[in-house]
Amino acid sequence: MRAAVLHETGQDKLEVLDDIEAVGFGPGKVRLRLRATGLCHSDLSAMAGVLPQPAPFVPGHEGAGEILDVGDGVTGLSAGDRVLVCWLPACGGCPSCQRGQTELCLTGFMNAGTPNFRRPGGSPEDVFGMSGTGTFAEEIVLAAPCAVPIPDDVPYDIAALIGCGVTTGLGAVFNTARVEAGSSVAVIGCGGVGISVIQGARASGAARIVAVDPVESRCEAALRFGATEAVAPDCLDAAKNSVTAGEGFDYVFEVVGRSATARRAYEITRRGGTLCVVGAGALDDFLQLNMFELFFDEKRILPSLYGGGDVLRSYRRTIDLWRAGRIDLEGLITHRVRLGEINDAIGQMRTGEALRTCIEM
């Protein structure tokens, strides 16, 4: 089968190969035929080494498709079922799951250390899947909890987005920050996840939503999706003064994953307000705060991993909002490519041209 492989961490491009095998099928596993997958910025971060990931590996963690086969012991799933890929499944039994913090379950991360693929031939090679998945492939073997059934009216491309970016952005608003109606919101970084944050803030009734991004086309998109203002980073202070009379925003979402933008986000959060860190950053990138401001300003700093809540509940909520016309998921997909054109899609994301690219299998 075909899959896009990064041979070494730090390489800019993927190689699309046609001799990759999905491995590991057996008890508790499912074999999935991918139909659509989204390109998320986290894929690029893993390729660059910002996010830890063994190599060689197949990127991609935001996918949907149909089940081809189920292993012994799998219940609730059958061949032919339409599913989305959950890259961070909850085991249900660990301390985090027992406390109701299923997004902190480490079971999914443990899967990342086991190869999902293999390249046969004279020199067979194990190939990992990103975050234990690897959706830039025609087929994949996953632990059964990673395959979540979707209703028949949800297209594969929409389901793929729900599998990561949309759930991450909406969940940061609904689960982590819990934005209140009538509040002021700033969103720094307006790619697919940032736009989802904006849509969540609008659905929550935020009165003013300021989108911040250096790419003009993304600022224009943010206005279409519900932002009341959109500015470049060097105009942020002026926006803070005009929208909040200089006090600072009630909620600020950092959706870039860099200490510099997180620090900037902290500075424009009002005293007693909430900074929600959504972007995934590097292990060696440190956010600096002095102890006096941390104490005196009483700003809440809330990281949000995968939307900060029960992802299965978040999936259902997203589908309900989409069906009701409260959020626009189709509009997030600005580009569509085939697997063989994956490097074109990567280039479009790096320049900021694309919000979300759907790779159709």
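Biologist: How many residues has helix α11, and how far does it reach?

Modeller: Helix α11 (residues 311–323) has 13 residues and reaches 18 Å from its first C-alpha to its last. That is close to the 18 Å expected at 1.5 Å a residue. The expected span is 1.5 Å times one less than the number of residues. Helices (H or I, at least four residues) and strands (E, at least two) are DSSP runs, numbered from the N terminus.

Biologist: What kind of model is this?

Modeller: This is a predicted model: local features need pLDDT of at least 70, side-chain atom pairs count only at pLDDT 80 or more, and totals for chains, interfaces and linings use all residues. Residues are numbered from 1 along each chain as its sequence is written, and side-chain values use heavy atoms, leaving out hydrogens and water.

Biologist: Which residues of α11 are buried?

Modeller: Val311, Ser314, Tyr315, Arg317, Thr318, Ile319, Leu321 and Trp322. Buried means under 20% relative accessible area, exposed over 50%, partly exposed in between (1.4 Å probe, protein chains only).

Biologist: And what comes just after α11?

Modeller: Gly325, with a positive phi of about 80 degrees.

Biologist: New topic. What is the strand order in the open sheet?

Modeller: The 4 strands run β3-β8-β9-β5, with mixed pairing. The edge strands are β3 (21–22) and β5 (57–58), each pairing on one side only. Two strands pair if DSSP finds at least two bridges between them.

Biologist: Do β5 and β9 pair parallel or antiparallel?

Modeller: Parallel, over 2 bridges. Phe57 has Phe128 in β9 as its bridge partner.

Biologist: How many bridges join β8 to β9?

Modeller: 3 bridges, and these strands run antiparallel. Phe117 is bridged to Val127 in β9.
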